Amino acid sequence: FCIHPHGIYTLGALALPDHVPEVRLCIAPYLYHFAPVFRVVAELLGVKLGSTGPRDLKRLMEKENSPMAIVPGGFEEATVTCRFTERVFLKTRAGFIKYALRHGYDLVPCFTVGDSDMFSNPQGAWNFRWWLNGLSIPAVLPWGFPLLPLLPKRVHVKLAIGPPLHMPHIENPTREEVEKHRKRYVAALQATYTEAIRGTPSAGRPLEIW
């Protein structure tokens with residue numbers, strides 16, 4: 001399961017276990033290995049965790065520990081969060097495609113409608129913010145509920161889960177093969193998004209691919 005957008009708090013990832021109770025949410029390695037409080041809270045909420053670190057993810061996939069969930073856009077997708085705008089960060093994201101091909105995992109595009117409307121987030125200074133992202137720092141300045149800005153604004157949120165996108169099993173995919181299937185995934189996500197926003201405040205908004 002591939003969840004978009006990252007948003008400020010990745011609420012789509014937290015909502016997915018309500019639909020798929022056995023799913024394992026794979027998070028940033030430093031959160032998984034060095035943030036025990038985060039792990040305890042997640043376990044109390046009934047969310048099983050894993051790590052997106054290359055070795056950790058490879059081990060999980062080799063064990064066929066399915067289903068798993070990731071947030072492919074990462075901190076960059078959080079950084080470009082903009083209220084009343086729908087964005088995903090996928091133009092340079094290919095690692096998750098490569099892993100899916102190597103281990104024969106299908107990809108399920110998911111989109112959280114309303115996530116981007118929960119917080120305002122200043123735009124611009126992109127090069128500096130990408131640099132912060134490279135240090136595993138989410139370069140966001142969220143402003144949600146007026147009196148308590150770190151709490152989200154009250155908006156309706158819906159997690160849409162698209163149909164699985166079948167991926168062939170290619171042990172050593174070439175760059176061209178990875179790019180081909182990345183484009184397939186983006187098209188599948190676009191179709192899921194288009195269907196999900198019908199009758200919502202997001203209707204009519206284009207999905208921006210960063």
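**View 1. Helix α6 meets helix α8.** In this close-up, F96, I97, K98 and L101 of α6 touch E177, V178, H181, R182 and Y185 of α8 (contact means heavy atoms within 4.5 Å; helices are DSSP runs of H or I with at least four residues, strands are E runs of at least two, and both are numbered from the N terminus). Sorted by type, the residues of this contact are five nonpolar, one polar and three charged (Ala, Val, Leu, Ile, Met, Phe, Trp, Tyr, Cys and Pro count as nonpolar, Asp, Glu, Lys and Arg as charged, and the others, Gly among them, as polar). The model you are looking at is predicted, so local features need pLDDT of at least 70 and side-chain atom pairs count only at pLDDT 80 or more, while totals for chains, interfaces and linings use all residues. Residues are numbered from 1 along each chain as its sequence is written, and side-chain values use heavy atoms, with hydrogens and water left out. The axes of α6 (residues 95–103) and α8 (residues 175–196) lie 9 Å apart at an angle of about 105° (axes are lines fitted to C-alpha atoms, for helices over the stretch in contact, and angles run from 0 to 180 degrees between N-to-C directions). The two helices are therefore roughly perpendicular, a label for angles of 65 to 115 degrees.

**View 2. The two sides of helix α7.** Within α7 (residues 126–134), R129, L132 and N133 are buried (buried means under 20% relative accessible area, exposed over 50%, partly exposed in between, with a 1.4 Å probe and protein chains only). These three span an arc of only 105° around the axis, so they sit on the same side of α7 (the arc is that of the directions from the helix axis to the C-beta atoms). N127, W131 and G134 are exposed on the other side. The buried residues of α7 pack against α5 (74–79).

View 3. E86 and R205 form a salt bridge, with their closest N and O atoms 2.8 Å apart (a side-chain nitrogen of Lys or Arg within 4 Å of a carboxyl oxygen of Asp or Glu). E86 belongs to strand β5 (residues 86–88) and R205 to the loop between α8 and β8 (207–209), 119 residues apart. E86 counts as buried at 1% relative accessibility, and R205 counts as buried at 15%.

View 4. D56 pairs with R59 in a salt bridge whose closest N and O atoms are 2.9 Å apart. D56 is buried at 14% relative accessible area, whereas R59 is partly exposed at 43%.

Definitions and conventions. Parallel < 35°, antiparallel > 145°, perpendicular 65-115°, else oblique.
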